[in-house]
Amino acid sequence: MTTTTTGTETTATRTPAAPGQPEAVRLEGVGKTFGSGSDAVTALQNVDLAVAPGEFVCLLGASGCGKSTLLNLVAGLDEPTAGTLTRPAGSPSFMFQEAALLPWLTAGRNVELPLQLSGLSRSARRARAAELLTLVRLDGLADKRPHELSGGMRQRVSLARALAAATGPDGAGGGVLLMDEPFAALDAITRDALQGELLRVWRATGTTIVFVTHDVREAVRLAQRVVLLSSRPGTVVGEWAVGDDRDRLHDEITGRLRQVIASHAA
Amino acid sequence: MQPETAPRPAGAPLADDESAAELAGLDALDTPTVRRVPWWRRFLRTGVPPIVAFALFIGVWQLIWASAIVPEFKIPAPLAVWDSFATVVGDGQVLSILWTSISRAFVGFAMALVIAVPLGLLVARVRVVRAAIGPLLSGLQSLPSVAWVPAAVLWFGLTDSTIYFVVLAGSIPSIANGLVSGIDQIPPIFPRVGKVIGASGLATARHILLPAALPGFLAGCKQGWAFSWRSLMAAEIIAAGPLLGIGLGAFLKEGSDFNDMPKVIAAIFLILVVGIGIELLIFRPIERRVLRVRGLAAGV
């Protein structure tokens, strides 16, 4: 571990503008240990990761690699126990495996809520919410309640809400969107369709996306860059830029992932 | 090998309108269908059975009375009870009786809400408070509030304060406990959602915690209402005095003091009708709306 600071010191500050390429998210030697003494469990160790603005990065790993812990750190839901973490000025927004829509609000009001919390006027947030629902192809469904929507539609409302939180009131600045296996609970056909939708929305908005998955094919299809994490403790063991030959890359990453998993056999 | 991406060459996405059509098709296929039940069928299903049961009950009652196996002063004719009922309604006395009791119940319930909501919030959110009075609060729920009447009479005399004290003692624990369990049962994902969309402090309470706890809180309120109505009747029956006016409980006591069985039964019916009426007219519609909006009670 190179630098060690307490969690509270790693506050969200804007990335020091490195010439040309200021990162949207930057982790240096980040570690996270739960508990202390003999019960301590190290979930993450010495993680270095930089994500450029507008980049789509997939974090890939088997169970126990601390993917979700890492996302929680970046989201500010938790603080690292070691290293430095730089987040963007606005808080990154988060998409969970479940849609997690608030069941007492309509789809439209769910999307509006982050805008309301950031102080946007009623008419402005209504217009912005309608815009975002149209972006995820749910125009006209703002008045539906979550339970009246299918799983795929709920997850798209969730995406619209996350975009509302990520991009801020005016929609300027792509923002950072953290996604924790958002399609894992969907059936294969819907998942395929939503992967396509996510790519389209990403291209349309220029949002920075950090996407966690344990599905190599999903990672290779979606990301510009795939980062492989080892397990217990999680740390970066490989990085691939996704080029044109995705099938070969898929096989290569799968092979490496198998090695990592096999290394855990006691 | 997962089938979903197999047929499409990597890096060659679907044409935009093609994927839009696919998505629209998926939405149409997957959207849960909502079955709307027409009001008259709902009435047939939920309204008719209790009416039939009530008619049967009156019929059996009439039969028992006609067979004369029980003396008249113990089981009067349904018609005699109706006459007694018609008399109080006819001379307008019923209005003042109902007003006396219902206004007390409402004022008592409102006071109980004002006290129980902060109390419930404290117990739910402050660990020390929960450890200190949480068990007591649950315990008080099973203490019949009639038990407070003698003490309250000694403290406050035969005044309205006695009545309100008993009502509060009966309903506060239920309402507070309802709120506590409502908050305890909030799925942990909701506070996390609140955090990631930028809510904190009061905004979290206002936009996330309170709405999420609402169903449990409403259930507590419903029970609190039932308890406050019961306690009120107990207090009115036991504590009768010139300062207290004639409420439903005193009306019942009056019938019993004069061996007027039709009046006693008419009073019991009135008490029942008010209790059920408030529940059906106030609590049931609110609860139904809250649950239906959340998709929690499709059939209700």
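**Walking through the model**

Analyst: Let's start at Q141(B), which is found in helix α5 (residues 127–141) of chain B. Keep in mind that this is a predicted model.

User: Is Q141(B) buried, exposed or partly exposed?
Analyst: Q141(B) has 17 other C-beta atoms within 10 Å, so it counts as partly exposed. The cut-off for buried is 20 or more, and for exposed 12 or fewer.

User: What does Q141(B) touch, leaving out residues up to four places away in sequence?
Analyst: With those left out, Q141(B) touches P173(B), S174(B) and N177(B).

User: And how far apart are the C-alpha atoms of Q141(B) and A205(B)?
Analyst: They are separated by 26 Å, and the two residues sit 64 apart along the chain.

User: Next helix, α6 of chain B. Which residues are buried there?
Analyst: In α6(B), residues 148–156, the buried ones are W148(B), V149(B) and A152(B). Looking down the helix axis, the buried residues of α6(B) fall within an arc of 95°, so they line one face.

User: Which residues are exposed on the other side of α6(B)?
Analyst: P150(B) and L154(B) are exposed over there.

User: What do the buried residues of α6(B) pack against?
Analyst: Two helices of chain B: α7 (160–184) and α9 (202–238).

User: What follows α6(B)?
Analyst: G157(B) does, and its phi is positive, near 75°.

User: OK, switching to the core. Which residues touch the most other members of the largest nonpolar core?
Analyst: That core has 132 residues, and the ones touching the most other members are C58(A), L60(A), V210(A), F211(A), V226(A) and V166(B). The largest share of the core comes from α9(B), with 13 residues. As a general point, nonpolar side chains in soluble globular proteins tend to be buried together.

User: What does C58(A) touch, again not counting residues up to four places away?
Analyst: On that count, C58(A) touches F211(A), T213(A), A219(A), L222(A), A223(A), V226(A) and V227(A).

User: V226(A) keeps coming up. What's its bridge partner in β9(A)?
Analyst: W240(A). Strands β8 (225–229) and β9 (236–241) of chain A pair in the antiparallel sense over five bridges. β8(A) and β9(A) make a hairpin with six residues between them, and R232(A) in the turn has a positive phi of about 40°.

User: There's also an open sheet of three strands in chain A. What's the strand order?
Analyst: β2-β1-β4, with antiparallel pairing. β2 (41–51) and β4 (82–86) of chain A are the edge strands, each pairing on one side only. From one strand to the next, the twist averages 20°.

User: How many bridges join β1(A) to β2(A)?
Analyst: Seven, with β1(A), residues 25–34, running antiparallel to β2(A). If you want a landmark, T33(A) stands opposite T42(A) in β2(A).

User: Last topic, the two chains together. How many residues are in contact?
Analyst: 33 residues of chain B contact 40 residues of chain A. On the chain B side, the elements giving two or more residues are α1 (16–30), α8 (189–196) and α9.

User: Which of them gives the most?
Analyst: α1(B), with seven residues. By class, the side of chain B that touches chain A has 18 nonpolar, eight polar and seven charged residues.

User: Great, thanks!

Methods. Residues are numbered from 1 along each chain as its sequence is written. Chains are lettered from A and ligands numbered from 1 in the order in which they are written. This is a predicted model: local features need pLDDT of at least 70, side-chain atom pairs count only at pLDDT 80 or more; totals for chains, interfaces and linings use all residues. Helices (H or I, at least four residues) and strands (E, at least two) are DSSP runs, numbered from the N terminus. The arc is that of the directions from the helix axis to the C-beta atoms. Two residues are in contact if their C-beta atoms, placed from the backbone, lie within 7 Å. Two strands pair if DSSP finds at least two bridges between them. Axes are lines fitted to C-alpha atoms, for helices over the stretch in contact, and angles run from 0 to 180 degrees between N-to-C directions. Ala, Val, Leu, Ile, Met, Phe, Trp, Tyr, Cys and Pro count as nonpolar, Asp, Glu, Lys and Arg as charged, and the others, Gly among them, as polar. A nonpolar core is a set of buried Ala, Val, Leu, Ile, Met, Phe, Trp, Tyr and Cys residues joined through C-beta atoms within 7 Å.
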